[in-house]
Amino acid sequence: MAESESSSKRALPQTRKGQGPAELDRAEFARRLRLHFADPAFDRDGDAIERVIADAWDGYVHSRKSPRTRKAGPGFADPGYDLSTDWIETRDAIDAAAARHADAARPRRILVICGSPRNDRTCPGEMSKTFRLATAAQEVIVASGAECDLLDLSHLASEYGRVIYPCKACVSTAMPLCHWPCSCYPNHALGQTGDWMHEIYPRWIAAHGILIATPVHWLQVPSTLKLMIDRLVCADGGNPDPTTTHGKNVEEAKRLELDGWPYPRHLAGRAFAVVVHGDTEGGDAVRNALVDWLTGMALVQAGNSAALDRYIGYYEPYATSHEALDRDDALFGEVRNAARSLVREVELMRGGRIEPDHALKAPREK
């Protein structure tokens with residue numbers, strides 16, 4: 001039987017190669033790294049900078065993506081595999097957040113996400129309208145007795161060292177190659193460190209409800225929000241055990257998927273609300289895209305009031321858009337209702353209400 005089952009396995013497809021960039025030579029590598037020290041204040045540190053360049057070059061040419069590791073240990077498919085300590089720390093933070101989420105004695109927790117890149121501490125010189133709407137929702141949530149965690153993605157554009165790196169689309173090679181949490185970063189060999197997602201993943205896990213407030217940028221969500229959205233792909237079907245693929249072994253990941261992958265939904269069952277605002281067009285498309293994305297990850301929309309798109313200062317000057325928002329009391333009321341709807345949905349869920357499609361098996365797992 002075992003031989004018959006093995007012989008019936010689907011053959012691995014060919015792994016396609018030949019696209020990636022050529023390795024930098026040392027001169028170009030050094031030129032790019034020196035850009036971080038262009039301030040004349042660094043001129044006195046020339047010898048130290050050269051030593052840093054030499055050390056960084058050594059890590060680059062030897063591809064030391066994860067220079068600090070430890071054995072995976074019990075609970076992993078291969079306990080002897082050397083796992084990145086960066087990944088382990090994020091996994092441990094997620095586990096702690098999951099325990100907090102499951103603790104019925106703790107207050108319900110709502111994550112409010114401000115998706116605009118704009119604030120008054122950087123080039124725009126003025127806070128975003130999105131932030132005003134997000135804080136209106138926050139006030140309602142706090143008044144209800146719930147905890148509110150405000151995640152302001154504008155810090156990506158205004159806070160030193162804040163970065164979310166782009167998704168590398170490991171999932172498109174094979175779902176098990178996409179690890180939960182993401183193991184693509186940090187990549188010390190390429191200087192891709194300080195990835196904010198390793199703090200953001202536990203914030204999503206700890207939340208019972210999510211409220212996303214965002215403007216429309218060119219008929220789509222802003223790049224700040226899209227970076228986070230893409231990096232949450234690992235929360236929808238991602239592999240919680242990197243030792244099963246021994247890091248990024250493509251053939252092992254393909255074999256796992258073809259043999260049958262369960263596509264675990266790590267955020268399933270959380271409630272959500274969406275608030276979208278624009279000035280000319282695209283609001284409904286962005287709202288629909290966000291709702292489809294969140295429901296696709298098996299989150300649950302709160303009431304009808306919890307999915308909102310509106311226009312502020314329709315075709316009016318940008319310069320007066322805050323004044324247009326000042327006049328729109330109804331919009332603030334709608335945002336507060338979206339927050340109230342979300343809080344009530346969370347209360348019902350924590351009280352034991354079962355959603356109609358709970359435990360239904362999806363005919364199409366992907």
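Phe29, Trp57 and Tyr60 form one aromatic cluster. The rings of Phe, Tyr and Trp (its six-membered ring) pair if their centres lie within 6.5 Å, with planes under 30 degrees apart counted as stacked, over 60 as edge-to-face and the rest as tilted.

The model is predicted, so local features need pLDDT of at least 70 and side-chain atom pairs count only at pLDDT 80 or more, whereas totals for chains, interfaces and linings use all residues. Residues are numbered from 1 along each chain as its sequence is written, and side-chain values use heavy atoms, with hydrogens and water left out.

**Aromatic pairs**

The structure holds ten aromatic pairs. Two of them are tabulated here.

| Pair | Centre to centre | Angle between planes | Class |
|---|---|---|---|
| Phe76 and Trp87 | 6.2 Å | 65° | edge-to-face |
| Trp180 and Tyr201 | 5.3 Å | 70° | edge-to-face |

Phe76 lies in the loop between strand 1 (69-71) and strand 2 (82-84), and Trp87 belongs to helix 4 (residues 85-102), eleven residues apart. Helices (H or I, at least four residues) and strands (E, at least two) are DSSP runs, numbered from the N terminus. Both Phe76 and Trp87 are buried; that term means under 20% relative accessible area, with exposed over 50% and partly exposed in between (1.4 Å probe, protein chains only).

Trp180, in the loop between strand 4 (147-152) and helix 6 (197-206), is 21 residues from Tyr201 in helix 6. Trp180 is buried, at a relative accessible area of 7%, and Tyr201 is buried at 0%.

**Nonpolar cores**

A nonpolar core is a set of buried Ala, Val, Leu, Ile, Met, Phe, Trp, Tyr and Cys residues joined through side-chain atoms within 4.5 Å. The largest has 51 residues, and Ile113, Trp204 and Met228 have the most contacts inside it. Among the elements that give two or more residues to this core are strand 3 (109-114), strand 5 (209-215) and helix 9 (283-296). Helix 6 gives the most, with six residues. Not counting residues up to four places away in sequence, Trp204 touches residues including Ile113, Met228, Arg270 and Trp293, where contact means heavy atoms within 4.5 Å. A second, separate core of 32 residues includes Leu133, Ala137, Val140 and Val275.

**Cavities**

On a 1 Å grid over the protein atoms alone, a cavity is a set of points where a 1.4 Å probe fits but cannot get out, and lining residues have an atom within 4 Å of a point. Of the 16 residues lining the largest cavity, Cys167, Cys178, Cys182, Cys184 and Val233 lie nearest its centre.

Conventions: 1 Å grid on protein atoms, 1.4 Å probe; cavity = no way out; pocket = protein on both sides within 12 Å on 5 of 7 lines; lining within 4 Å.
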